[in-house]
Structure formats: C-alpha cells, structure tokens
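Here are a few quick notes from my pass through the rings. Have a look at the view below before reading on.

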Amino acid sequence: PYWQYLAVEDAHTRPSHLAMNGRVYPADHPVWDTWFPPNGFNCRCAVRALSKRQVERQGLTVEERMPRDVVPDRNFSSNPAKSYWKPDTSELPAAIRKAYEGRKEKE
C-alpha cells in the first residue's frame with residue numbers, strides 16, 4: 001500500500017529529485033499525481049512498492065504532506081500512467097483511420 005521515491009545519488013541527479021529520494025507515501029496519495037517518474041529529461045528516478053511490513057521493518061516514515069518548495073522539472077509534473085493518450089490519426093490512410101474509429105466505437 002506504499003510507494004517509495006528513489007533517486008540515483010550521484011553528481012548528475014537534480015537537487016529536487018534528490019530531495020524526494022527515499023520519501024514514502026501511501027500508493028493512493030496525490031503526491032504521485034505530480035511526482036511519478038520520469039520527472040525530467042534523462043531522469044533516472046524510480047518508484048518501488050512497499051508493504052506495510054517492509055515499511056515497519058525498515059523503520060521508514062510514511063509521509064502525508066505534499067513536499068514544499070520541491071517540484072519536478074517543467075512539463076514533467078504529471079503521472080504518465082494517469083494521462084489519457086489519443087493517437088493523431090489525421091495522417092493515416094482513410095481506410096486505416098476508419099477501421100480505428102470503428103474499433104473505438106465498439107469499446
């Protein structure tokens with residue numbers, strides 16, 4: 001039920017990503033709507049799932065408050081898994097576009 005933000009700790013890691021490193025939040029916390037990697041170009045951060053037992057065993061603190069003064073890189077403050085993607089079919093041949101649109105209507 002928990003997720004932990006993991007940043008690579010080296011000279012190439014952005015300060016804001018390092019500031020999030022190790023933070024644990026409930027998996028359904030709104031922080032993940034903003035802070036789900038990638039959080040910038042060439043971002044090497046990750047999120048790992050943790051059970052309640054793992055959190056307790058490792059002595060981790062589960063945070064509830066949104067991070068202050070720490071934001072992802074510009075245009076990267078979203079969770080790609082929650083974003084709806086719609087393909088641009090304008091340049092497809094008419095037959096393929098029609099088949100795609102017909103398939104969408106059946107869903």
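**Notes on the aromatic pairs**

1. Let's start with Tyr 5, which counts as buried at 0% relative accessibility. Keep in mind that this is a predicted model.

2. Stepping back, the structure holds six aromatic pairs. One of them joins Trp 3 and Trp 32, with 5.6 Å centre to centre and 65° between the planes, an edge-to-face arrangement. Trp 3 sits in strand 1 (residues 2–6) and Trp 32 in helix 2 (residues 31–34), so this contact ties together parts that are 29 residues apart in sequence.

3. Are these two tryptophans buried or exposed? Trp 3 is partly exposed, its relative accessible area being 25%. Trp 32 has 1% relative accessibility and counts as buried. The cut-off at work here is 20%: buried means under that value.

4. Back to Tyr 5, whose partner is Trp 35: the ring centres are 5.6 Å apart and the planes stand at 90°, so this pair is edge-to-face. Tyr 5 belongs to strand 1, while Trp 35 is in the loop between helix 2 and strand 3 (46–50), so the pair ties together parts that are 30 residues apart in sequence. Trp 35 counts as buried too, at 2% relative accessibility.

5. Which residues do ring pairs link into a cluster? They are Trp 3, Tyr 25, Trp 32 and Phe 36. When you go through the model, the Trp 3 and Trp 32 pair, edge-to-face at 65° between the planes, is a handy place to start on that cluster.

Definitions and conventions
Residues are numbered from 1 along each chain as its sequence is written. This is a predicted model: local features need pLDDT of at least 70, side-chain atom pairs count only at pLDDT 80 or more; totals for chains, interfaces and linings use all residues. Side-chain values use heavy atoms; hydrogens and water are left out. Rings of Phe, Tyr and Trp (its six-membered ring) pair if their centres lie within 6.5 Å; planes under 30 degrees apart count as stacked, over 60 as edge-to-face and the rest as tilted. Helices (H or I, at least four residues) and strands (E, at least two) are DSSP runs, numbered from the N terminus. Buried means under 20% relative accessible area, exposed over 50%, partly exposed in between (1.4 Å probe, protein chains only).
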